[in-house]
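Please read this briefing alongside the sequence and the structure.

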Amino acid sequence: MKQYDSKFKWLILFPIVFYCLFLIVLPLLYIFIISFFQNDYYGGIIQVFTIKNYIQILDIVYLKVFLQSFLIAFITTIICICIAYPFSLFVSEKKSRYKSIFLMLVIIPFLTNSLIRTYGWIVLLRKEGLINTLLFQLHLIDEPLALMYNSLGIIIGMVYTLLPFMILPVYSAVDKLDRSMLEASSDLGASKWQRFIHVIIPETLPGLFNGSLMVFIPAIGYFFISDLLGGGKLMLLGNLIKNQFLVARNWPFGASVSIVLIIITFFLVKLYKKTGGKMDDLGGF
Amino acid sequence: MNKKIIVILIVAIILMNGCALKENTNVLNVLNWSSYIPDAVIRDFEEETGIIVNYGTYSSNEECLAKVQSAKEGTYDLIFPSDYMIELMIKRDLIQKMDLSQLANLGNINPNYLGLSYDKNNEYSIPFIAASVVIAVNRDMVKDDVTTYQDLLAKEYRNNIVMLDDQRIVIGMALLALGYDMNETDPLKLTEARDWLLELKPNIKAYDSDSPKTFLISRETALGVIWNAEAALAVQENPNIEIIIPDEGFAISIDNFAIPKNAKHVENAYRFIDYILRDDIMVKIIEDYPYKNVNKKAEDSLPESYLKNHAANIDDAVFHRGSFVENIGEDIVHYDKLWAEIK
Amino acid sequence: MKKKKFLKNLFIGLVLFFLYLPILVLVLYSFNTSKLNILFEGFTLKWYLVLLENRSLLEALGNTLFVAVTSTLVSTIIGTISAIALKKYRFFGRSVLNELLYIPIVIPEIVLGIALLSIYTFFHIELGLHTLILSHIAFSLPFVVVSVRSVLNSLDPHLEEASSDLGASPIKTFFHITLPAVMPGVISGALLAFTLSLDDVVISYFTAGPGSNTLPLKIYSMIKTGITPDVNALSSLILLVVITILTLSTVIKIRQSGKEKAYE
């Protein structure tokens with residue numbers, strides 16, 4: 001019986017072990033290894049150890065790309081918080097039937113193709129697009145506004161695409177707030193702002209960090225948004241990696257940028273755990 | 001009850017899987033430039049031959065190279081690299097020798113475009129179409145004279161230029177503007193080119209190789225440094241768009257059919273090439289994507305609109321003033337870095 | 001007080017307006033007679049007919065659905081079994097396995113995309129539908145595990161013991177006791193996997209091959225080379241399907257909870 005059970009155990013564990021080995025460990029290990037290889041000038045990988053790729057990242061040109069990316073991702077995250085937090089608070093005050101309707105309304109756009117929605121923004125934002133045409137006809141502007149093919153366009157696109165990833169965790173944190181505790185604190189004479197800062201914010205912090213992680217990290221890698229709304233002028237880390245792999249044929253360098261990105265991600269996740277965030281909450285919406 | 005449904009679903013999926021993954025022998029995996037061959041032509045080919053065409057696209061020669069190199073050998077059956085890329089792919093042993101006897105319509109090609117320096121005996125490549133870089137100016141929006149790349153630096157064109165997203169072409173343009181060779185590798189001259197491009201940067205609205213005409217047609221930008229066919233299509237939509245051949249020189253390119261090493265459907269690739277080489281098919285392609293024609297037999301039946309459009313029908317004498325992009329070996333790393341700096 | 005409530009509602013309204021604005025534009029323009037998405041010139045339904053003729057777009061839609069259904073099914077089955085096994089058994093490397101599963105959830109998609117591409121290249125695996133399915137399983141499986149696990153954690157641990165004490169085989173226990181209990185987690189995990197797969201751009205971009213274009217990839221290249229209104233028509237139809245399904249499920253939920261209340 002015991003032996004049977006052990007065999008059964010490994011049989012049902014086999015798929016997940018296989019998955020972890022071949023679809024997670026091996027690919028990432030391979031990337032790690034080639035990040036220490038040299039490249040020949042047209043696409044080949046030479047198996048000679050070097051740390052040149054990591055030194056190359058320190059070049060001012062590529063540091064700038066890191067900086068730009070983090071700045072855009074950071075701004076996106078902040079804007080998402082500024083929208084999602086009050087939104088969640090206000091919705092959580094509604095009756096439960098309306099709550100689920102509002103949440104459904106947030107999820108619906110998320111279920112339609114994100115590229116086609118990005119295209120919707122192009123129709124709206126371009127020079128002779130709907131917004132500029134409307135503002136012009138209302139005589140609010142004389143010159144069309146530059147709403148896309150710049151960093152503004154990228155940020156609009158990022159905020160739009162990633163907003164649900166912020167709203168869902170923040171909302172679930174806000175909704176779990178203990179109403180009676182809030183009432184108690186106000187009975188004790190705490191002012192609205194005091195209550196907000198000392199009770200609501202600390203209680204919802206893990207949800208906030210969860211959402212920030214789910215917005216910040218993708219915002220670094222979504223090359224298609226900066227491609228389509230940024231006009232290919234602003235290079236983000238996603239574009240840099242994509243270019244190294246699909247255009248500039250320097251896989252070792254692209255791999256080293258990816259490794260640095262993974263390290264940064266792990267660092268952020270550690271920070272998240274430190275503030276009391278649970279890993280399982282990251283994957284569950 | 002639930003279990004039954006799940007079992008039925010699983011069986012259905014496995015069956016679907018079996019059908020979809022069954023190796024379809026009669027296919028052709030084409031990797032081509034975006035905006036190059038009209039869908040209708042490919043549909044007609046499929047109907048005529050029963051071959052199913054799987055079509056992938058790229059936006060620069062470098063992307064084509066990267067895709068061919070990273071995919072398993074034999075993934076693609078037909079690719080369309082330009083001159084210098086043909087030379088490089090021969091050196092790298094990425095494309096195979098062609099059996100010209102398979103191509104009944106080979107004689108249709110204008111002999112002036114055969115036996116060029118990148119593949120002297122056309123052992124590996126057959127020319128498909130030629131192109132040259134031009135400046136397009138929307139005269140509704142720009143009144144001043146524009147005759148050179150230098151003119152593009154004018155302050156009033158701020159955020160008003162669409163530029164090809166191709167490092168060799170853009171850096172080459174800067175070198176030409178400074179009076180150097182388009183394929184210069186001297187680091188000092190490249191630094192000058194970088195500074196020139198940084199000066200131009202505020203004027204550039206977007207880098208786009210896939211459909212820069214859209215920027216001109218929708219008046220998003222007044223100027224463009226783009227391939228001639230894109231300019232020609234913009235002129236068709238708006239006759240006030242003018243085409244300028246830059247005084248300092250310009251890049252030209254000849255794109256070719258080539259068959260990658262160990263391609264699995266070589267027969268089908270030949271049938272496709274031969275089909276495209278037919279004069280009536282070439283005319284159809286040229287009507288939709290008016291590049292410079294290299295098919296002699298097709299010349300007689302080219303539409304009036306094409307012949308009259310200066311952007312489309314680049315004059316032979318003008319074309320020969322342009323220069324090809326050349327392989328620069330390891331110096332490509334300087335170009336890679338410079339490109340990251342200006343973007 | 002009234003004014004405050006109005007301001008709050010206004011804010012909710014504005015956020016929803018922001019979320020729906022581009023979608024409304026697309027739906028509107030799917031009825032536009034002009035081919036260019038610039039001015040609204042007149043009402044027509046012709047793009048819905050044109051859509052039926054657009055073979056490459058429909059093919060991409062077919063590929064997308066096929067990849068999404070297959071990868072969801074595989075990751076749901078493996079994910080559910082694994083979540084249960086990981087909870088039940090103690091073995092060497094269990095905690096490592098648990099940690100590894102978070103990697104695809106947290107690392108940027110692009111890193112996973114290039115890593116998978118490199119490994120396919122390394123093993124000379126031809127890119128196509130199968131690599132696409134494999135890659136989609138790679139990023140969606142952990143979500144299923146996490147989703148099932150969250151339900152498992154709230155279950156009574158003695159349930160399974162009781163069943164095996166009564167002489168049920170592990171397989172029987174699994175199908176009759178554990179699986180029904182974790183079903184809500186399985187369903188929400190599967191839905192999440194399905195949604196992520198349907199809309200994936202980044203990983204598909206690196207791991208698709210010739211003849212395995214998905215809808216997001218097709219639309220990406222169409223946006224770059226010129227989009228036609230039949231894409232708007234397709235998106236409007238997809239939106240219609242999504243809204244119908246969600247509305248139905250909500251109505252059913254509300255009715256069920258109504259019934260439960262009636263029983264109480």
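A residue is buried if 20 or more other C-beta atoms lie within 10 Å of its own, exposed if 12 or fewer, and partly exposed in between, with C-beta atoms placed from the backbone. This is a predicted model, in which local features need pLDDT of at least 70 and side-chain atom pairs count only at pLDDT 80 or more, while totals for chains, interfaces and linings use all residues. Residues are numbered from 1 along each chain as its sequence is written, and chains are lettered from A and ligands numbered from 1 in the order in which they are written. Helices (H or I, at least four residues) and strands (E, at least two) are DSSP runs, numbered from the N terminus.

**A buried helix**

- Helix H11 (residues 237–246) of chain A is largely enclosed by the rest of the structure, because ten of its ten residues are buried.
- Among these buried residues are A:Lys242, A:Asn243 and A:Phe245.
- The cover over the buried residues of H11(A) includes helix H3 (61–70) of chain B and helix H6 (109–122) of chain C.

**The largest nonpolar core**

- A nonpolar core is a set of buried Ala, Val, Leu, Ile, Met, Phe, Trp, Tyr and Cys residues joined through C-beta atoms within 7 Å.
- The largest one has 258 residues, and B:Val134 and B:Ala136 touch the most other members.
- Helix H7 (residues 151–176) of chain A supplies the largest share of this core, 16 residues.
- Leaving aside neighbours within four places in sequence, B:Ala136 is in contact (C-beta atoms, placed from the backbone, within 7 Å) with residues including B:Leu216, B:Ile226 and B:Ile243.

**Contacts with chain C**

- 69 residues of chain A are in contact with 68 residues of chain C.
- On the chain A side, the largest share, 18 residues, comes from helix H1 (residues 2–34) of chain A.
- That side has 52 nonpolar, twelve polar and five charged residues.
- Here Ala, Val, Leu, Ile, Met, Phe, Trp, Tyr, Cys and Pro count as nonpolar, Asp, Glu, Lys and Arg as charged, and the others, Gly among them, as polar.
- 24 residues of chain B are in contact with 21 residues of chain C.
- H1(B) gives the most to the chain B side, with six residues.

**Domains of chain B**

- Chain B has domain 1 (2–130 + 253–308) and domain 2 (131–252 + 322–342), with bounds from an automatic or database domain assignment.
- Their centres, taken over C-alpha atoms, are separated by 28 Å.
- The contact takes 15 residues from domain 1 of chain B and 17 residues from domain 2 of chain B.

Key
Two residues are in contact if their C-beta atoms, placed from the backbone, lie within 7 Å.
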